[in-house]
Amino acid sequence: MAAGLPPTETIWKDGTLIPWADATVHLLSTAVQFGASVFEGIRCYDTPRGPAIFRLPEHIRRLFDSATIYRMRPEHSPATLIEACRTVVRENGLGTCYVRPMVLRGFGGAGLYAPGSPIETYVAAWPWGAYLGEEALERGVDVGTSSWTRAAPNTFPVAAKAAGHYNSATLIKAQAVTDGYAEGIALGPDGLVSEGSGQNLFLVRDGVLITPFLDGTSLQGITRNAVLTLAADLGIPTREQHVPRESLYTADELFFTGTASEVTPIRSVDRIEVGSGSRGPITERLQTAFMDLVKGRADDPRGWLTYVND
């Protein structure tokens with residue numbers, strides 16, 4: 001078993017809990033051959049009221065959107081998938097963990113588009129800590145601008161969170177790690193900043209929180225939306241705009257957002273120090289507000305937490 005992915009007891013498959021080791025897919029399934037799989041990554045947090053899954057309905061809606069775009073909508077309802085996520089956390093005795101619902105085409109047809117291949121739906125969950133390490137949430141990470149660019153709009157439907165799209169992310173991440181960075185930042189085909197390998201990006205300049213437009217090259221992140229909402233609650237001015245590469249070097253603060261990354265400061269880009277080279281004050285305010293909410297230490301006026309045991 002790969003490091004960082006400890007097996008749990010059971011995985012939900014099409015309405016039934018099966019043993020972890022039995023959640024297998026045929027070599028010649030359409031998912032394996034051609035990447036015909038859509039998925040979500042969702043965090044669950046320990047709170048004083050027990051495990052709580054962050055923005056579960058929004059994640060399941062995006063899963064169904066992705067499946068619809070790829071013409072592989074599952075037979076289950078969103079409500080069934082929401083309950084399945086709660087079930088795998090509860091039945092595996094998990095607290096803080098990562099939840100992975102997936103819809104894929106199994107073994108059947110042989111072509112690229114294989115409606116004869118059955119649509120299978122799974123939900124797995126496992127314990128998982130901070131994606132880039134606990135110390136990264138305070139100290140920040142060093143990142144590099146990737147030579148791999150994001151695909152142009154109408155090349156891949158980036159609104160869909162599909163497995164095949166992450167081949168690009170793998171190249172970006174691999175180059176970054178090989179070059180001695182924790183993560184990479186990708187530009188779009190127009191040379192403007194898009195996102196990280198699997199994270200949205202924010203910068204701060206003169207007290208204004210700025211993030212690139214959703215221009216068809218980056219995923220519409222649920223954590224990205226949460227941070228924009230929390231910034232409004234805190235009275236932090238925000239702006240979506242085109243972001244040229246050089247703005248990364250001259251930002252006062254810079255950070256990633258995402259289900260895995262949560263709110264992770266960036267301390268340098270291409271070995272150029274960002275601001276003071278440490279987590280900035282606006283980043284810290286937003287990170288604190290986010291973590292207090294997801295861990296049940298603050299009010300949840302929008303109902304973003306779905307409690308597993310309620």
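Q: How do the residues of the lining of the second largest cavity divide into nonpolar, polar and charged?
A: In this predicted model, local features need pLDDT of at least 70 and side-chain atom pairs count only at pLDDT 80 or more, while totals for chains, interfaces and linings use all residues. A cavity is a set of points on a 1 Å grid over the protein atoms alone where a 1.4 Å probe fits but cannot get out, and lining residues have an atom within 4 Å of a point. The second largest cavity is lined by L192, V193, P212, F213, D215, Q241, H242 and V243. With Ala, Val, Leu, Ile, Met, Phe, Trp, Tyr, Cys and Pro counted as nonpolar, Asp, Glu, Lys and Arg as charged, and the others, Gly among them, as polar, the lining divides into five nonpolar, two polar and one charged.

Q: How much space lies in the largest cavity?
A: R43, Y45, F54, H59, T223, G258, T259, E262 and F290 line the largest cavity, and these residues divide into three nonpolar, four polar and two charged. With volume taken as the space filled by probe spheres set on grid points joined across faces, edges and corners, the space in the largest cavity is about 40 Å³.

Q: Is F107 buried, partly exposed or exposed?
A: Residues are numbered from 1 along each chain as its sequence is written, and side-chain values use heavy atoms, with hydrogens and water left out. Buried means under 20% relative accessible area, exposed over 50%, and partly exposed in between (1.4 Å probe, protein chains only). Because its relative accessible area is 47%, F107 is partly exposed.

Conventions. 1 Å grid on protein atoms, 1.4 Å probe; cavity = no way out; pocket = protein on both sides within 12 Å on 5 of 7 lines; lining within 4 Å.
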